[in-house]
Amino acid sequence: MFEKILIANRGEIAVRIMRACQEMDISTIAVYSEADRKSLHVQVADEAWLIGPPPAVESYLDMEKIIEVAHRSGAEAIHPGYGFLAENAAFAKLCEKEKIIFIGPNSKALDLVGDKVRSRLTMEKAGVPIIPGMKTVHKRLSDYDAEARKIGYPLMVKASAGGGGKGMRIVWKPKDLRPSLESGRREAKSAFGDESVYLEKYIEEPRHVEFQVLADNYGNVVHLFERECSIQRRYQKIVEETPSQALNPEQRKKMGDMAKKVIQVSGYNNAGTVEFLLDKDKEFYFLEVNARLQVEHPVTELTSGVDLVHQQLMIAAGEKLSFKQEDIQPRGHSIECRIYAEDPLHNFLPSSGKVLFLKEPQGPGVRHDSGIYSGCDVPIYYDPILAKLIVWAEERDLACQRMVNALDDYVILGIKTTIDFLKEVIRHPQFRAGNTTTDFINKYFGQWKGKEKTEEDMKVALMASAFTDLERTVPTAAGFVEQKNVFSPWLSLGKWRIGGK
Amino acid sequence: MEFEFLVDDKPHKISLEKKEGKYIFTQGDNSFEADIHVISPHVISVIMGEQSYKVYFTQDKDKKYFYVAGNEYIIREPGEREESLERGEEGTSQDKLMIKAPMPGKVIKINVKEEEKVRKNQTLAIVEAMKMENEIKSSIEGYVKKIFVSAGDLVDSEKPLIELAHNE
């Protein structure tokens with residue numbers, strides 16, 4: 001096993017990986033940009049190396065710089081997390097050349113599955129069902145017109161290097177094709193450094209069902225069952241769960257076998273996720289392989305009992321999988337909610353700033369994977385994910401209830417987050433009924449105006465506000481103002497004066 | 001003691017008096033007795049009519065944040081904000097003409113030129129933050145009076161991007 005690894009990421013996922021390393025007695029090296037000096041991952045790591053200015057291209061995406069730190073710090077391997085360099089075949093290749101182990105698939109497999117167009121072709125040849133669409137990428141925008149006509153509207157613009165919904169656009173009418181291609185290219189370029197986009201038939205009201213797969217370096221492949229990730233905004237998942245309500249055991253087996261086939265055909269190793277779309281008639285289509293640890297990996301961990309980061313590290317270190325397919329017997333139900341720094345009332349606009357106060361949720365079956373703390377800054381430069389809240393329970397209804405309670409017990413003050421919104425999503429009767437499709441948010445929350453506040457709660461808020469002002473004028477009454485050496489917002493109410501006449 | 005607070009820009013007049021260790025809260029003609037205690041630097045416990053509330057609290061500059069029963073309340077005291085509201089209609093229509101950055105980010109593209117006529121909801125500019133593109137749309141039918149930024153600029157939230165004017 002490794003003694004020291006570098007984690008080329010930030011935020012909650014870097015912290016998650018470091019925790020696994022600590023459990024396995026592996027030293028951790030954090031890298032950070034100037035914007036992240038005070039970020040949680042820097043505090044959790046054994047060593048922290050500054051790699052550049054805030055923009056990702058000059059820090060977390062700077063391959064040479066990261067390799068240099070790996071050499072100088074004596075790291076044997078690099079874990080890329082998700083995003084940034086995670087699915088960058090050039091980086092995996094560079095690691096191979098520099099004799100540093102890349103904790104992820106080999107560069108050849110990464111090259112193949114990272115190229116959505118080429119992998120579609122490969123899968124089609126191997127008998128894996130794919131969505132009808134383009135099988136090559138064009139340079140000139142005008143060449144897309146004919147392809148669009150051939151496929152038929154509505155259709156999707158997708159980034160060839162894609163993932164996370166970046167560069168993805170749905171096009172309903174021919175006149176919208178050009179602007180969608182342009183902005184899709186721009187976003188793809190900014191997110192992946194590659195502007196190639198292609199067109200695909202748009203499947204209406206689909207479910208997003210993916211299979212977690214582990215493959216060691218000796219050809220052993222096991223899947224750890226599915227996750228349903230249909231609740232999305234901007235083609236990006238915000239709620240994930242397992243098991244999916246849409247699959248029966250027979251279909252689950254069929255798709256699981258197909259997922260393993262996809263991995264085998266690609267010559268893939270380490271942890272990966274095979275994504276499928278499931279249409280109204282429960283026909284499924286191969287979407288893509290996510291060649292990394294997924295944001296939503298914890299739901300699989302809670303139901304399968306397998307720690308995916310441990311497995312990634314063991315596979316990368318050359319160990320064989322210690323279990324077989326029949327050993328994996330999932331138990332119970334798990335749901336994850338992604339906590340983003342976004343304003344659900346304003347089209348999910350990112351909301352950077354300072355987390356003034358954080359109260360983490362607790363309770364049986366509650367897991368909180370977080371990259372934040374009270375007082376931390378949320379910079380504008382990176383993905384707005386703050387944390388993930390994951391629950392497990394014996395069955396789905398209880399898991400939903402547990403999630404709602406945990407969200408109620410979760411307080412982030414100072415920046416806008418998706419917490420309130422997620423609560424309403426989980427409470428929604430259609431979610432409770434398992435009627436989850438990728439247009440769920442548009443359909444049921446398109447006109448969402450926020451949660452109604454009761455008179456009673458407002459009264460308590462006003463009372464508390466008056467109390468904080470009032471007690472400042474009577475400092476001895478509550479006895480808390482005297483502790484001058486302790487930081488407390490109660491002491492810094494200076495700007496507040498008593499209202500009234 | 002009387003207080004006036006703004007919650008979501010709506011004014012609320014209340015009073016809170018201390019009496020024999022309890023607090024009397026009055027709003028309009030209604031009064032309630034409450035038992036209020038500080039639990040820790042960010043937590044207050046309120047018991048009102050046997051109902052127990054755990055209130056989380058913090059503050060930043062002129063805003064106080066309270067979290068009660070799953071809802072966040074941002075409370076300010078009346079000041080400049082209210083005055084601008086009192087100016088009413090004129091202020092808001094003026095706001096509509098000045099297109100501001102909705103969040104801190106980077107200007108990716110300006111889609112219009114000065115003097116150019118624009119339709120309502122036409123995309124004027126694209127601002128990127130946290131790896132996401134946001135289209136900045138026109139709030140009115142009119143023309144572009146002035147452009148304050150160019151592609152590549154980093155902008156703060158509320159930074160004026162483009163000024164629009166109604167057609168004469």
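## Basis of the description

A residue is called buried if 20 or more other C-beta atoms lie within 10 Å of its own, exposed if 12 or fewer do, and partly exposed in between, with C-beta atoms placed from the backbone. This is a predicted model, in which local features need pLDDT of at least 70 and side-chain atom pairs count only at pLDDT 80 or more, whereas totals for chains, interfaces and linings use all residues. Residues are numbered from 1 along each chain as its sequence is written, and chains are lettered from A and ligands numbered from 1 in the order in which they are written.

## Chain B and its side towards chain A

Of the 168 residues of chain B, 30% count as buried. Chain B holds 2 helices and 16 strands, these being DSSP runs numbered from the N terminus (helices H or I, at least four residues; strands E, at least two).

With contact taken as C-beta atoms, placed from the backbone, within 7 Å, 53 residues of chain B are in contact with 51 residues of chain A. Strand E6 (residues 51–60) of chain B gives the most to this side, with 7 residues.

## Helix H8 of chain A

The 16 residues of helix H8 (residues 177–192) of chain A should span 22 Å at 1.5 Å a residue, and the end C-alpha atoms are 21 Å apart, which agrees; the expected span is 1.5 Å times one less than the number of residues.

Among the buried residues of H8(A) are A:Leu177, A:Leu181, A:Ala188 and A:Phe192. The buried residues of this helix pack against elements of chain A, including helix H7 (143–151) and strand E8 (197–201), together with strand E13 (132–137) of chain B. Just after H8(A), A:Gly193 takes a positive phi of about 70°.

Key
Contact = placed C-beta atoms within 7 Å.
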